[in-house]
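Reader: I would like to learn how to read the sheet, the turns and the cores of a model such as this one. Could we take the features in order, with the general idea ahead of the particular case?

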Amino acid sequence: MDYIIKGKSLTYFKSPPSTSNSELIDTFQDGLGDICRQKILELKTRYDTLNKLSNFHQEFIDLQDDEQDKYYLEVRKATMVDAEKSVVIFWIRYWTTLLRKAEKTYEISSNSITDRDIEEASQKPFLDVFDGELIPRGNRMVGLCSFHEERTPSFTVFVDNNHAKCFGCDWTGDPIDYIQKHYDLSFVDAVRQLL
Ligand SMILES: [Zn+2]
């Protein structure tokens with residue numbers, strides 16, 4: 001009821017934007033589902049609070065209808081509670097629609113890579129993947145580690161199995177692990193980047 005105390009009108013609550021805009025989904029793709037769930041939870045809590053308030057006002061109106069001023073004030077409050085309830089319902093619908101879209105997007109993105117893609121991505125030569133210079137040393141290559149500060153190279157690529165280990169910070173992994181950590185990507189996005 002803060003807006004009543006501060007004298008704010010209901011225009012303070014803006015209507016939700018259109019959910020047909022697919023750019024919105026792309027912008028928030030990562031973590032959108034979690035945001036939606038959080039928002040729905042908050043709105044449902046608010047809705048429950050408003051429900052309690054409108055019940056209270058109804059009782060008050062029934063009991064105090066001989067006191068004109070108080071009566072009209074309570075009617076006004078009850079009207080505003082009802083108006084806010086309908087706005088809250090709008091927003092719940094909005095976030096629910098987004099949640100459905102976000103989950104669908106997530107399903108599509110996780111299904112869009114195959115075991116073969118993963119195999120292919122993991123076999124991409126470190127020479128093409130490593131962000132920096134790799135110097136051949138026998139059947140190994142060494143370079144300055146991407147994950148810690150150093151002046152002498154301890155990032156070592158084992159060419160035979162296309163795995164790497166840093167003897168400075170102990171990082172180990174294949175090209176997918178490297179891309180994931182270096183560019184802070186999800187597993188799926190790292191695989192896609194390597195294909
Ligand atoms: Zn390192």
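The dialogue below goes through the overall layout, the sheet, its turns, the cores and a helix pair.

Reader: What should I know about the model before reading any feature?

Author: This is a predicted model, in which local features need pLDDT of at least 70 and side-chain atom pairs count only at pLDDT 80 or more, whereas totals for chains, interfaces and linings use all residues. Residues are numbered from 1 along each chain as its sequence is written.

Reader: How many helices and strands does the protein have, and in what order do they run?

Author: Helices (H or I, at least four residues) and strands (E, at least two) are DSSP runs, numbered from the N terminus. By that reading the secondary structure comes to eight helices and five strands, and from the N terminus on the elements run α-α-α-α-α-α-β-β-β-β-β-α-α.

Reader: Which order do the strands take in the sheet?

Author: Strands of a sheet pair through backbone hydrogen bonds, either parallel or antiparallel. Two strands are taken to pair here if DSSP finds at least two bridges between them. The five strands form an open sheet in the order β1-β2-β3-β4-β5, with antiparallel pairing. Because β1 (135-137) and β5 each have a single partner strand, they stand at the edges, and one side of each is left without a neighbour in the sheet.

Reader: Which face of β4 is covered?

Author: In a regular strand the side chains alternate between the two faces of the sheet. In β4 (residues 163-166), Ala164 and Cys166 make up the covered face, and His163 and Lys165 the uncovered one.

Reader: Where do residues other than glycine take a positive phi?

Author: The hairpin of β3 and β4 has four residues between the strands, and among them Asn162 takes a positive phi near 55 degrees. The hairpin of β4 and β5 has five residues between its strands, and Asp170 in that turn has a positive phi of about 75 degrees, although Asp170 is not a glycine.

Reader: Which residues touch the most other members of the largest nonpolar core?

Author: In soluble globular proteins, nonpolar side chains tend to be buried together. A nonpolar core is a set of buried Ala, Val, Leu, Ile, Met, Phe, Trp, Tyr and Cys residues joined through C-beta atoms within 7 Å. The largest has 16 residues, of which Phe126, Ile176, Ile179 and Leu194 touch the most other members. The elements giving two or more residues to this core are α6 (126-129), β3, β4, α7 (175-183) and α8 (187-194). Apart from it lies another core, of six residues, including Leu32, Cys36, Leu98 and Ala102.

Reader: At what angle do α7 and α8 pack?

Author: Axes are lines fitted to C-alpha atoms, for helices over the stretch in contact, and angles run from 0 to 180 degrees between N-to-C directions. α7 and α8 pack at about 115 degrees, with their axes 9 Å apart. That makes α7 roughly perpendicular to α8, given that angles under 35 degrees count as roughly parallel, over 145 as roughly antiparallel, 65 to 115 as roughly perpendicular and the rest as oblique. Two residues are in contact if their C-beta atoms, placed from the backbone, lie within 7 Å. The contact is made by Pro175, Ile176, Ile179 and Gln180 of α7 and by Phe187, Ala190, Val191, Gln193 and Leu194 of α8.

Technical notes
Buried ≥ 20, exposed ≤ 12 C-beta atoms within 10 Å, placed from the backbone.
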